[in-house]
Amino acid sequence: MSYFPHEFIHLYQDGAYSGGISQYHKKTGHPNIEFETFFLTDLFKSIYGYPGSISGAPSNSPLFYEYSEWIYGLSGMWPFTYSQFLSHHYNGYTYLDFLTNFKNYMPGCNYPIISTLQPAVIIEFLHYSNCW
Ligand SMILES: [Zn+2]
């Protein structure tokens, strides 16, 4: 898996978030932006069969297994709505739990989470996902 999809998602995020994403760089909100990118990459890999392993939960993090199962569960539900995405869980763990796991264990991402910051690209992606 190259870095292109990751950086492309950041470019997309920069237009999707009001004020751009630089306001979150290495400060509060940083894990929100990074985790959304890892999540989308993992979801694309899982749905479309890209090579590479799940990356949004570090292998040494407590929710690594749960995150992988959560992603596979979501890909099996594809296409799904934003509300289905929010309510989807694995053993009770949801997006915010996996975001917290990511923040705590991904090197360079241990900045405060903004729990009210909606994942703008996920919302747009799911909104337009029925267009093909
Ligand atoms: Zn990044």
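Helix α1 (residues 4-16) packs against α6 at an angle of about 95°, and their axes are 9 Å apart. Helices are DSSP runs of H or I with at least four residues, numbered from the N terminus; axes are lines fitted to C-alpha atoms over the stretch in contact, with angles from 0 to 180 degrees between N-to-C directions. α1 is therefore roughly perpendicular to α6 (65 to 115 degrees). Ile9, Tyr12, Gln13 and Ala16 of α1 make the contact with Ala120, Val121 and Glu124 of α6 (C-beta atoms, placed from the backbone, within 7 Å).

This is a predicted model, in which local features need pLDDT of at least 70, side-chain atom pairs count only at pLDDT 80 or more, and totals for chains, interfaces and linings use all residues. Residues are numbered from 1 along each chain as its sequence is written.

Helix α2 (residues 30-48) and helix α5 (residues 95-105) have axes that come within 10 Å and cross at roughly 110°, which makes α2 roughly perpendicular to α5. Pro31, Asn32, Phe35 and Phe38 of α2 meet Leu99, Phe102 and Lys103 of α5.

In α5, Phe98, Leu99, Asn101 and Phe102 are buried (20 or more other C-beta atoms within 10 Å of the residue's own). Seen down the axis of α5, these residues fall within an arc of 160°, so they line one face of the helix. Their cover includes α2 and α3 (64-77).

Confidence is given as pLDDT, on a scale from 0 to 100.

| Part | pLDDT |
|---|---|
| Chain | average 92 |
| α6 (residues 120-127), lowest | mean 90 |
| α5, highest | mean 98 |

Methods: Helices (H or I, at least four residues) and strands (E, at least two) are DSSP runs, numbered from the N terminus. Angles under 35 degrees count as roughly parallel, over 145 as roughly antiparallel, 65 to 115 as roughly perpendicular and the rest as oblique. Two residues are in contact if their C-beta atoms, placed from the backbone, lie within 7 Å. pLDDT is the predictor's confidence in each residue, from 0 to 100. A residue is buried if 20 or more other C-beta atoms lie within 10 Å of its own, exposed if 12 or fewer, and partly exposed in between; C-beta atoms are placed from the backbone. The arc is that of the directions from the helix axis to the C-beta atoms.
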